[in-house]
Each structure stands twice: as C-alpha cells, then as structure tokens.
Amino acid sequence: YIPATQMAKDNGIATLANMIIVGHLLENHSELNFEGTEAVVNKLVPAKKAALIELNMKALTLGQTYGK
C-alpha cells in the first residue's frame, strides 16, 4: 500500500498521485528502471505546459523514495 493520494495532497500536487505510484513501481520492480525517466517526461509534456515537468518529477521522486 502506498498512500499516494495523501502524499500528493501533502506536497501540493493533488492531481499527480498516479505519478507517485509510477515512481514507486519504477524503483521497486526489477523489470523496470528509473533511468531515463526525466528525459521521457520532458519529451511527453508539451512545451506550453513545461511547468508540469518539475511537478511530475517531484511526484516520481516521492514514489521512488517512499519507504526508504
């Protein structure tokens, strides 16, 4: 169990609970890898919404470090 919704709310990114879960999955499953994640986020987020890059990376990092 990951309290992703509460973590997202507590960190001012209430709409990004799903990204917290993705970060946790990337970090904790041997089939997956966190490497290159920032490059992918940069590629997928449109330039006009560039501010979302930092927020998504924050959410991914919260998931990555949860439980450590």
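**Chatting through the helices**

Colleague: Glutamate 54 first: buried or exposed?
Modeller: Glutamate 54 counts as exposed, because its relative accessibility is 65%, over the 50% cut-off for that label. Keep in mind that this is a predicted model.

Colleague: Where is glutamate 54 found?
Modeller: Glutamate 54 sits in helix α4.

Colleague: And how many Å apart are glutamate 54 and lysine 43, C-alpha to C-alpha?
Modeller: That spacing is 13 Å in space, for two residues that are 11 apart in sequence.

Colleague: Let's stay with α4. At what angle do the axes of α3 and α4 cross?
Modeller: Roughly 145°. Helix α3 covers residues 37–44 and helix α4 covers residues 51–65, and their axes come within 10 Å.

Colleague: Right-handed or left-handed, that crossing of α3 and α4?
Modeller: The α3 and α4 crossing is right-handed.

Colleague: Which residues make the contact?
Modeller: On the α3 side you have Thr37, Glu38, Val41 and Asn42. Helix α4 brings Ile53, Asn56, Met57 and Leu60.

Colleague: Pick asparagine 56 from that set. Why does asparagine 56 count as buried?
Modeller: Because its relative accessibility is 11%, and buried means under 20%.

Colleague: What is asparagine 56 in contact with, leaving aside its neighbours within four places in sequence?
Modeller: Leu16, Met19 and Val41. Val41 is also one of the α3 residues in the helix contact.

Colleague: New topic. How many salt bridges does the count come to?
Modeller: One salt bridge. The partners are glutamate 27 and lysine 68, and their closest N and O atoms are 2.7 Å apart.

Colleague: Where do glutamate 27 and lysine 68 lie?
Modeller: Glutamate 27 is in helix α2, while lysine 68 belongs to the segment after α4, so the pair ties together parts 41 residues apart in sequence.

Colleague: What's in the loop between α2 and α3?
Modeller: Glutamate 35 has its place there. Glutamate 35 is exposed, at 69% relative accessible area. From the C-alpha of glutamate 35 to that of isoleucine 20 is 16 Å, and the two are 15 residues apart along the chain.

Colleague: Now α1. Methionine 7 lies in which helix?
Modeller: Methionine 7 is in helix α1, and it counts as buried, at 14% relative accessibility.

Colleague: What is methionine 7 in contact with, leaving aside neighbours within four places in sequence?
Modeller: Ile2, Ile20, Leu62 and Tyr66. Isoleucine 53 is 46 residues from methionine 7 along the chain, and their C-alpha atoms are separated by 18 Å.

Colleague: And where is the place of glutamine 6?
Modeller: Glutamine 6 is in helix α1 too, and that helix spans residues 4–10. Glutamine 6 counts as partly exposed, at 44% relative accessibility.

How values were computed: Residues numbered from 1 in each chain as written. Predicted model: local features only at pLDDT ≥ 70, side-chain atom pairs only at ≥ 80, totals over all residues. Heavy atoms only, no water. Axes fitted to C-alpha atoms, helices over the stretch in contact; angles between N-to-C directions. Helix = DSSP H or I, 4+ residues; strand = E, 2+ residues; numbered from the N terminus. Left-handed = near helix turned anticlockwise from the far one by under 90°. Contact = heavy atoms within 4.5 Å. Buried < 20%, exposed > 50% of the residue type's maximum accessible area, 1.4 Å probe, protein only. Salt bridge = Lys/Arg side-chain N within 4 Å of Asp/Glu carboxyl O.
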